[in-house]
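This report goes through a few features of one structure, beginning with a part of its surface and then turning to some of its strands.

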Amino acid sequence: MNHKKICGILTEGSTNFETGTIESAIIGIGINISDNPDVFPPEVATIAGSIKGADTSSKTVTRSRLAAQVAGEVLNILEEDTATVMKEYKDLSFMIGQKVEVHPIIGDEASVYSATAIDIDDNAGLIVQLEDGSTKTLSSGEVSLHSANYGK
């Protein structure tokens with residue numbers, strides 16, 4: 001919102017190592033709603049934003065109202081067919097075409113590399129093109145899109 005990151009999605013899965021199947025998945029959605037500019041540490045204050053801090057019309061946002069709206073939207077999505085959801089997801093993605101920083105192993109700065117997000121596959125994996133022209137499909141790790149790149 002206004003070229004700042006206001007939310008994030010964290011997923012964690014549990015895999016059965018004998019069968020290779022995913023036994024469970026936990027999905028968390030974090031949304032910044034505070035209007036206190038001091039809530040962010042200096043190292044992220046230039047890229048992090050909040051709903052209340054970015055839009056004066058949203059001053060009436062409450063945690064319970066926001067949680068209810070998000071839960072309702074998630075339930076609506078679960079009722080749609082996968083192809084429709086994936087098309088909308090791709091259409092709304094602002095990452096495609098952007099240069100990103102890929103963190104395949106969180107906390108291991110030596111594994112970080114730059115790439116360009118070029119597509120999203122049918123399993124919601126982010127397809128990136130590396131500097132050598134090769135492509136990778138990402139299904140885990142962290143991807144950072146710096147605030148200066150938003151809207152370009």
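In this predicted model, β2 (21-31) and α2 (63-79) each supply at least two residues of a nonpolar surface patch. The patch is made by Ile9, Ile27, Ile29, Val74, Leu75 and Leu78 and covers about 630 Å². Helix or strand, which element gives the largest share? It is α2, with three residues.

Ile9, another member of the patch, belongs to strand β1 (residues 7-16). Its relative accessibility is 64%, and because exposed means over 50%, Ile9 counts as exposed.

Strand β5 (residues 126-130) gives a contrasting picture. Four of its five residues are buried, so the strand is mostly covered. β5 pairs with β4 (residues 113-120) and with β6 (residues 135-138), and both pairings are antiparallel. The table sets out the two pairings.

| Strand pair | Bridges | Residues standing opposite | Residues between the strands | Residue with positive phi |
|---|---|---|---|---|
| β5 and β6 | four bridges | Val128 and Lys136 | four residues | Gly133, about 95° |

Key. Residues are numbered from 1 along each chain as its sequence is written. This is a predicted model: local features need pLDDT of at least 70, side-chain atom pairs count only at pLDDT 80 or more; totals for chains, interfaces and linings use all residues. Side-chain values use heavy atoms; hydrogens and water are left out. Patches are made of residues with over 30% relative accessible area and no salt bridge: like charges are joined within 9 Å, nonpolar side chains (Val, Leu, Ile, Met, Phe, Trp, Tyr) within 5 Å. Accessible areas come from the Shrake-Rupley method with a 1.4 Å probe; for residues, only the protein chains shown count as cover. A salt bridge is a side-chain nitrogen of Lys or Arg within 4 Å of a carboxyl oxygen of Asp or Glu. Buried means under 20% relative accessible area, exposed over 50%, partly exposed in between (1.4 Å probe, protein chains only). Two strands pair if DSSP finds at least two bridges between them.
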